[in-house]
Amino acid sequence: MKIQGKMFMWLSIFFLIMAIVYGVWSKEPAGTTALFLAFGLSIMVGFYLGFTARRVDAGAQDNKEADVADDAGELGFFSPHSWQPLALGAGGALAFLGVALGWWLLYFGLPLILIGLWGWVFEYYRGENRTQ
């Protein structure tokens, strides 16, 4: 995690320099604001990764002598049978389509998003998967 934190910190320095150079040369506020926001986001991620790297054990990516197999293992639990991402994707597609075609589509997209989000959060608290 330490190397990723350093990479994001260097990226934030690059974004800051580019935002200043772009703002001075172009005098265009939208792109300058976007670059300053990219700077802020990358410095937040870099700070978080650096802050977390000091509190956890060093990973294989931090060891220069590590092999690829040193980083193998379980990455986490991913639900293989969940239908909730489909509801979230359909609701999100309708919501973003509503921005282009008409705000009335949000009335159909927002309930799908809420149902998908509710189901995804609570899918292991009810039904046959309750004990997992």
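## Model and confidence

This is a predicted model, in which local features need pLDDT of at least 70 and side-chain atom pairs count only at pLDDT 80 or more, while totals for chains, interfaces and linings use all residues. Residues are numbered from 1 along each chain as its sequence is written, and side-chain values use heavy atoms, with hydrogens and water left out.

The mean pLDDT (the predictor's confidence in each residue, from 0 to 100) of the protein is 88, and 96% of the residues score at least 70. Helices are DSSP runs of H or I, at least four residues, numbered from the N terminus.

## Helices α1 and α2

The axes of helix α1 (residues 2–26) and α2 come within 8 Å and cross at roughly 165 degrees. Axes are lines fitted to C-alpha atoms over the stretch in contact, with angles from 0 to 180 degrees between N-to-C directions. The crossing angle therefore makes α1 roughly antiparallel to α2 (over 145 degrees).

## K27 in the loop

K27 lies in the loop between α1 and α2. Its phi is near 55 degrees, a positive value in a residue other than glycine. Most residues other than glycine have a negative phi. K27 counts as exposed because its relative accessibility is 66% (exposed is over 50% relative accessible area, buried under 20%, partly exposed in between, with a 1.4 Å probe and protein chains only).

## E123 after α4

E123 sits in the segment after α4 (106–122). With 10% relative accessibility, E123 counts as buried.

Notes
Helix = DSSP H or I, 4+ residues; strand = E, 2+ residues; numbered from the N terminus. Parallel < 35°, antiparallel > 145°, perpendicular 65-115°, else oblique.
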